Amino acid sequence: MKRLLVTFSMVLILFSQAQGFCGSRLLQTSLTRGAFRAADWLRKQQDENGTYGEGHVSAIVFHSLRLIGDHVDNGSEHLNAEIIKNKLGSINGDRLAYYILGAMSTCRDPKNFYNFNLLRALQTKLAKYPQRAEFSHPFQYSLAVLALCSSGDNLEKKRKTFVEKITDSILSNQTANDTTAMSDDTIAMQVLALSCIRESLKSGKRIKETKNERSSVELAIKRASKKILKRQMNDSSFGENEVTAALSAQALLAAGVITTKCPETMGWLLSRQNPDGSFINLLSTINVLPTLIGAMPHDVQHIACPKRKTSGFTGEDEETKEMINVCVELQIDENSSPKQLNQAENQIPQKPTPTSLPPPACVEVQNGTNAHDILKEAATQHACYDFTTRSTSFGRMITSICEVEQKPAEKFYWMIYINDKSAPVGMDELHPKNGSTLLFHYKKLNWG
C-alpha cells in the first residue's frame with residue numbers, strides 16, 4: 001500500500017508539470033486517475049522475478065512505468081541475462097533501442113551496462129541500416145535514433161545523418177496525396193525522434209553551426225505533424241486504435257502543435273480503459289500509460305534516479321552517497337597444482353604461490369557496490385588483484401586472478417567468500433556491507 005501511495009504521489013508531481021496539456025481540469029484529473037490505474041495493472045502482470053517475459057518487452061514496461069515516476073527494482077539483472085542469452089550482436093536494432101531505454105529506466109548507464117556498450121552497438125546497427133528485414137523500417141530507424149538521443153549521448157558526429165534519413169523519409173511520403181502511404185505510428189515515431197534531437201540542439205553550444213540543422217528539423221517536424229493533425233481532425237480515435245492514438249497524441253504534444261481535438265482523443269482513450277485498469281492488452285497499456293500524463297519517451301533522461309538504485313547512471317548527487325570500507329583477500333590452497341602456480345624462469349612477474357600472495361587490500365567504495373567493482377578497486381592498490389571474467393547467463397564469472405587461471409578439467413576454481421561464508425550469489429549480485437571481508441579462494445572442488 002505504501003508503494004502505491006508513493007507512486008500515486010509521483011504521478012501527481014509529474015502531472016503537475018504537464019498540467020493543462022490537453023483539455024479541462026476535470027479531464028486532466030480523470031487522465032491522472034487513469035494513469036494510476038494502468039500503472040497498477042502493469043505491476044500486477046509481472047512474474048515472480050519482477051519481469052515481463054522477453055527482455056525487450058520488460059524493457060518497454062520498465063520505461064513506461066519510469067515515465068510516470070515509478071521506481072523499477074531489480075530489472076537490470078534480467079535485461080543483462082537476456083542480452084547474454086540472445087547475444088548482443090544478434091539483437092535487432094529496434095529491440096536494442098528498447099534495451100537502452102530499459103537500462104536508463106532501471107538507473108543503469110547504457111554505455112556501460114554490465115560491461116556492454118549498448119549505445120555503440122546500436123550505432124553500428126544504424127550505420128548498416130537498412131539491414132535486411134530485421135532492421136529496415138522507418139519506424140525502427142526512428143525508434144533507434146530516439147533511444148540514442150534519449151540517452152543523452154553526444155550525437156554531434158551522426159546527428160546530421162540521422163536527421164537527413166528521417167527527413168528524407170518524411171519528404172518522400174509528403175509528395176504522395178495518399179495519406180495512408182505511411183502508417184500513423186511511423187510518422188508519430190519520426191516526430192518524437194526529431195523532437196528529441198531538436199531539444200538537444202537547443203542545448204548545444206555551437207549555435208551558428210547548428211542553425212541549418214535546426215531549420216531542417218523544424219521543417220520536418222512541421223510537415224510530419226501536419227499529417228498527424230489532419231488525421232486526428234478526421235478521426236480523433238485514429239481508427240479506434242489505442243496505440244496509434246497514444247503515439248500520435250504524444251507526437252503532436254512533442255511538436256508543440258495546438259489542436260482542439262486533443263480532448264476528444266484523450267477522452268476516447270479513457271473510454272477504452274477496462275475496469276481492471278488495462279487497455280485491451282499489455283502492448284496497448286504500455287503505450288497509452290505515459291500519454292495520459294503528457295510524458296515524452298525522452299523525458300527518462302531528466303528523471304532523477306533514487307539514491308539506492310544508482311550504479312553508473314548519472315542523476316544522483318555524488319556527494320550524498322554513503323561510503324563503506326571493504327577488505328579484499330586472496331587465498332590459494334597448498335595442494336594447488338604446481339603446474340598451475342609455477343612460472344617459467346624467464347617470465348616476469350612470477351605467478352603467486354600460497355606464501356607469496358599480496359596483503360589484504362582495504363578499499364572505500366559506495367554502499368551497494370558489487371564484488372566485481374570492489375575487486376577492480378583492489379587492483380588499483382596491488383597488481384596481483386588484476387582479474388579476468390567471462391559472461392554467463394548468471395552474470396560474470398572469474399576466469400583468473402593474478403594470472404592464476406581456473407582449470408575446470410582439473411576442478412580448480414576461484415570461489416568467493418563473504419565474512420568466511422560461501423557467497424550465495426555471483427560477483428555481480430554480491431553487495432558487501434561496511435566492514436565486510438571479501439575472500440577470493442583458489443581451490444580444488446571435490447565433486448563427482
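1. Glu 218 is partly exposed, with a relative accessible area of 35%, where buried means under 20%, exposed over 50% and partly exposed in between, using a 1.4 Å probe and protein chains only. Its salt-bridge partner is Arg 198, and the closest N and O atoms of the two are 3.2 Å apart; a salt bridge here is a side-chain nitrogen of Lys or Arg within 4 Å of a carboxyl oxygen of Asp or Glu. Because Arg 198 lies in helix α9 (residues 184-202) and Glu 218 in helix α10, the pair ties together parts that are 20 residues apart in sequence. Helices (H or I, at least four residues) and strands (E, at least two) are DSSP runs, numbered from the N terminus. Arg 198 counts as buried, at 13% relative accessibility.

2. A word on the model: it is predicted, so local features need pLDDT of at least 70 and side-chain atom pairs count only at pLDDT 80 or more, while totals for chains, interfaces and linings use all residues. Residues are numbered from 1 along each chain as its sequence is written, and side-chain values use heavy atoms, with hydrogens and water left out.

3. The structure holds 9 salt bridges, among them one between Asp 40 and Arg 43, with the closest N and O atoms 3.8 Å apart, and one between Asp 40 and Lys 44, where that distance is 3.4 Å. Asp 40 and Arg 43 both lie in helix α2 (residues 25-44), and both are buried, whereas Lys 44 is exposed, with a relative accessible area of 60%. Asp 40, Arg 43 and Lys 44 are linked with Asp 70 in a network of salt bridges.

4. Turning to the aromatic rings, a search of the whole structure finds 7 aromatic pairs. Rings of Phe, Tyr and Trp (its six-membered ring) pair if their centres lie within 6.5 Å, and planes under 30 degrees apart count as stacked, over 60 as edge-to-face and the rest as tilted. Tyr 129 and Phe 135 form an edge-to-face pair, 5.4 Å centre to centre with 75° between the planes. Tyr 129 is buried at a relative accessible area of 16%, and Phe 135 is buried at 0%. The rings of Tyr 129 and Tyr 141 have centres 4.6 Å apart and planes at 50°, so this pair is tilted. Tyr 129, Phe 135, Tyr 141 and Phe 162 form one aromatic cluster.

5. Which strand holds Leu 330? Leu 330 is found in strand β1 (residues 323-332), and is buried, with a relative accessible area of 9%.
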